[in-house]
Amino acid sequence: MRALLDSLYRLSGVLAAVGMVATLVLVASGVLARPLGIYLPGTDDYAGYAMAACGFFALAYTFKHGEHIRVSLLLERVGPRMRAALEWFSLAAGTAVAAMLAFYAVRMVLQSHEFEEISQGVDATPLWIPQLSMAFGSVVLLIALIDDLVMTTLGRAPARLATHSGEAARME
Amino acid sequence: QTTWDMPTPYPASNFHTENIQQFAKEVDAATGGKLKITVHANGSLFKANEIKRAVQSGQAQIGELIISGLANEDALYALDTVPFLATSYADSKKLWQASKDAVEARLAKNGLKVLYSVAWPPQGLYSMAELKTIGDLKGMKIRSYSPTVARMIELMGGQPVTVQAADLTQALSTGVVSANLTSSATGYDTKSWEQLSHYYDIQAWLPKNIVFVSKKAFDALDQPARDALLKAAAAAEERGWKVSEEKTAWYIDQLKANKMKVQPAPEALQAELLKVGEKMTAEWVEKAGPDGQAILDAYRKLK
Amino acid sequence: MEIMIAAVMIGLMLALLAGGVWIGLALMAIGILGMLGFTPRAPGDGMAVAIWSHGSSWTLTALPLFLWMGEILFRTKLSEDMFKGLSPWLERLPGRLLHTNIIGCTLFAAVSGSSAATCATIGKIALPELERRGYPESMALGTLAGAGTLGLLIPPSIIMIVYGVAADVSISKLFIGGVLPGILLATLFMGWVVVWSLMNPGKIPAADLKTTFVEKLAASKNLIPVILLIGGVLGSIYSGIATATEAAAIGVIGSLIIAASQRTLNRKSFFGALMGATRLYCMIALILAGSAFLTLAMGYIGLPRHLAEWIGALGLSPAMLLVALAIFYILLGCFLDGISIVVLTMAVLMPTIQSAGIDPLWFGIFVVVVVEMAQVTPPVGFNLFVLQGLTGRDMTVIARYALPYFLLMVVAVVLLYTFPGLVTWLPGHMIG
Ligand code: NA
Ligand code: NA
């Protein structure tokens with residue numbers, strides 16, 4: 001189970017990175033195409049979708065690296081029992097919000113499909129396709145939060161994909 | 001008391017928005033405060049391309065959009081941006097008469113009811129260079145923001161370049177693009193004279209906005225409120241067209257006052273442009289099919 | 001009523017944030033609770049649409065690319081070289097290399113339209129080197145938080161475009177109008193670094209060995225890569241090769257070229273940079289998502305609009321009106337991001353501004369400077385988030401480090417009020 005979940009988080013990280021590279025390629029294509037007299041319709045819309053894919057796919061992957069930020073001021077000052085209670089509270093609240101986000105993100109995709117929503121830009125993309133990244137990303141984020149909430153409730157430490165990498169620019 | 005949220009795309013000072021504010025006031029007065037419409041202008045609640053969906057899915061009850069924004073959904077919505085088909089206010093009104101039923105029926109499929117429609121001033125061509133014939137447009141980088149505009153630029157021999165509104169000022173001043181197709185109103189709003197020197201009043205088309213309401217929200221009103229709403233809408237439509245036409249002259253004067261070289265398209269150029277228009281009309285009919293042909297015939301009869 | 005709504009929402013937000021809820025999720029929770037409590041509308045569908053539309057908006061694409069550029073450069077020798085080249089020149093100036101943060105942000109602000117991108121890119125390059133050399137953390141992070149906000153004031157600037165459209169003011173004039181105030185702010189920041197360093201003589205690490213002018217020049221060859229990069233990116237915008245957004249892509253490609261030429265580009269460093277940038281962007285994107293939905297909720301609740309109407313109806317003198325608006329914006333800026341503030345209030349405020357006889361161009365720069373303050377005020381301050389993401393220090397600590405720069409921005413607003421020519425002179429001469 002652990003291995004399966006971790007590969008899910010890693011997979012979403014890889015998909016996000018593909019989104020980042022695609023954003024670069026699509027934004028850069030404008031610079032190359034113009035002097036050559038080539039018209040590439042819709043690249044900026046596609047760049048927006050690629051960026052969205054990067055941000056949404058990476059949600060759980062980033063969470064599991066402990067890199068989504070929060071205010072730790074209080075957490076660091078209270079005793080161990082209070083701290084455990086706060087950790088549980090923040091995970092429970094986070095899970096509730098993520099559940100709402102995941103539910104409505106999936107519903108948005110279904111509605112876009114049902115309404116036959118098409119992008120109003122030159123790209124004319126059926127919107128449910130790029131929106132899949134938001135539905136997938138927020139569902140995996142929900143899974144990651146439930147994962148941590150269950151572990152914390154059982155009194156175990158939540159699993160992390162990596163400890164703070166030594167190469168990050170840390171001042172401590 | 002019922003409160004409606006009304007997202008609209010354009011800034012508070014735009015004449016469409018001012019007209020809507022007036023409309024909301026009249027509805028409030030006519031229903032004795034029973035129907036209040038909160039106008040959220042300038043995309044402050046939902047952005048231009050989300051407004052239809054917001055009303056469709058019940059997050060807002062009433063909204064405004066530019067019809068051609070929906071062109072990807074149905075060729076019908078692209079009709080008022082077919083170049084040189086209807087180039088004056090009178091013709092634009094006739095085109096709306098001819099296509100109104102079809103547009104209403106199409107939007108009714110999405111649970112939306114059209115309240116009224118108002119045209120924008122005609123589209124002109126802003127350029128850095130003087131233009132005499134269509135040959136002067138050859139290879140010129142012209143800003144494109146929709147499939148119709150891109151196709152028109154291609155047929156004129158120019159190179160369509162996608163530049164988003166946010167980048168436009170800089171793109172024009174650094175030469176990423178050197179011409180722009182838009183109305184005198186937008187040209188005034190974006191202070192085109194700071195980057196461009198010539199305005200050719202080619203009157204390519206008059207795009208239209210519609211104000212529409214969710215059928216469900218409309219049906220939930222009592223009969224007097226519905227009547228008051230429709231009456232205020234009819235008044236807003238009449239007022240809107242009048243203001244739009246008056247403003248066109250004012251906008252053009254403003255362009256002149258700011259030292260732009262404002263002129264009608266030179267004859268040779270206009271003749272070539274009309275040919276582009278004929279070709280694009282034919283292409284539109286091909287896409288829109290027999291229903292489109294019928295609307296076009298009805299329009300030509302009205303003319 | 002409005003005060004009650006505001007108090008409830010602020011109280012809830014502080015409770016969720018203090019309880020350790022992830023910031024983006026906490027903002028969403030406030031939006032949900034606010035809509036459920038104070039509007040007849042259901043929050044869910046609007047939340048999804050607002051988050052999707054903001055997260056896929058083309059205007060934002062420069063941000064992840066600039067973050068990536070910072071991650072690539074962080075893995076090259078560029079920052080080490082840059083500091084080697086600069087330090088001989090800065091050795092006599094009190095505060096020495098701390099000034100590179102401010103100068104770096106000022107230069108980068110001319111490339112990037114966002115404050116978060118400016119703060120993250122320069123931070124990624126400069127922080128490790130400043131730390132290695134023993135500069136005090138409070139000053140290294142404070143200067144970055146403060147100077148990073150210049151991304152908004154020095155053109156290009158996303159917020160100026162938003163304001164220009166909302167208030168019907170020339171975007172070119174706003175851009176040019178931001179130049180002198182931007183330089184003024186950078187000067188104030190550098191002045192503070194000088195004063196602080198003179199007051200705390202022992203805290204700034206000693207200069208490298210004294211050098212002659214010739215040696216200084218020789219050391220300057222280390223600056224060549226960074227000058228080529230900045231020159232290339234800036235040049236691409238002002239020569240018309242690229243738009244301001246595309247410049248970010250040129251920045252990424254340029255940094256890859258620098259990394260390759262320094263032989264620091266390999267599989268490990270490439271993927272390290274890519275994944276690091278992805279996570280950093282995602283961290284910011286989640287908060288932006290929460291903020292986009294909170295803005296929608298605020299639009300429905302009408303809180304900022306009603307407060308702005310209330311201020312407009314007070315009938316204040318122009319000077320008092322500006323004081324009231326500055327306080328109003330600073331308070332809003334604690335909880336909403338800058339663009340949301342402008343979008344939510346401008347339609348209501350513009351008539352008040354005009355009837356008070358305040359120049360809308362000048363007011364635009366005033367708004368931008370006040371919104372810059374919002375970047376460094378807790379609990380919702382994007383530069384604080386970026387720096388917490390980069391360093392792991394808690395944002396409340398970083399906010400304390402940033403306080404002097406917040407106060408200097410207040411001073412700048414007073415100076416702009418006293419000398420409005422700082423804003424209006426340059427656009428008047430360049431565009432007429
Ligand atoms: Na900038
Ligand atoms: Na803030």
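This is a predicted model: local features need pLDDT of at least 70, side-chain atom pairs count only at pLDDT 80 or more; totals for chains, interfaces and linings use all residues.
How many salt bridges does the rule find across the interface of chain A and chain B? The rule finds one there.

## Chain A against chain B

The salt bridge across this interface joins A:E117 to B:R53, with their closest N and O atoms 3.7 Å apart. There are also six residue pairs in polar contact between chain A and chain B, counting pairs with both residues at pLDDT 80 or more. On the chain A side, α4(A) gives the largest share of the residues that touch chain B, namely three. Sorted by class, that side has nine nonpolar, seven polar and three charged residues.

In total, 19 residues of chain A are in contact with 22 residues of chain B. The two chains bury about 1,800 Å² between them, and carbon and sulfur atoms give 48% of this area. Three residues, A:R34, A:Y39 and A:Q120, supply 41% of the area that chain A buries against chain B, which is more than any other three residues.

## Chain A against chain C

The contact between these chains takes 62 residues from chain A and 68 residues from chain C. About 5,700 Å² is buried between chain A and chain C, with 74% of it on carbon and sulfur atoms.

Here the rule finds three salt bridges. One of them pairs the side chains of A:R107 and C:D45, at 2.7 Å from N to O. Ten residue pairs are in polar contact between chain A and chain C, again with both residues at pLDDT 80 or more. Five helices of chain A each give two or more residues to the side that touches chain C: α1 (2–33), α2 (43–64), α3 (73–77), α4 (80–114) and α5 (128–153). The residues of this side divide into 40 nonpolar, 14 polar and eight charged.

## Cavities

The structure holds six cavities of 30 Å³ or more. The largest cavity has a volume of about 270 Å³.

Which residues lie nearest the centre of the largest cavity? They are A:G30, A:R34, A:T43, B:T162 and C:E246, out of 22 residues in the lining. By class, the lining has eleven nonpolar, seven polar and four charged residues.

How values were computed: Residues are numbered from 1 along each chain as its sequence is written. Chains are lettered from A and ligands numbered from 1 in the order in which they are written. Side-chain values use heavy atoms; hydrogens and water are left out. Contact means heavy atoms within 4.5 Å. Buried area is the accessible area (1.4 Å probe) that two parts lose on being put together, summed over both. A salt bridge is a side-chain nitrogen of Lys or Arg within 4 Å of a carboxyl oxygen of Asp or Glu. A polar contact is a pair of N or O atoms within 3.5 Å; within protein, one must be able to donate a hydrogen and the other to accept it, and residues adjacent in sequence count only if both atoms are side-chain atoms. Helices (H or I, at least four residues) and strands (E, at least two) are DSSP runs, numbered from the N terminus. Ala, Val, Leu, Ile, Met, Phe, Trp, Tyr, Cys and Pro count as nonpolar, Asp, Glu, Lys and Arg as charged, and the others, Gly among them, as polar. On a 1 Å grid over the protein atoms alone, a cavity is a set of points where a 1.4 Å probe fits but cannot get out, and a pocket is an open set with protein on both sides within 12 Å along at least five of seven lines; lining residues have an atom within 4 Å of a point. Grid points are joined across faces, edges and corners, and a volume is the space filled by probe spheres set on the points.
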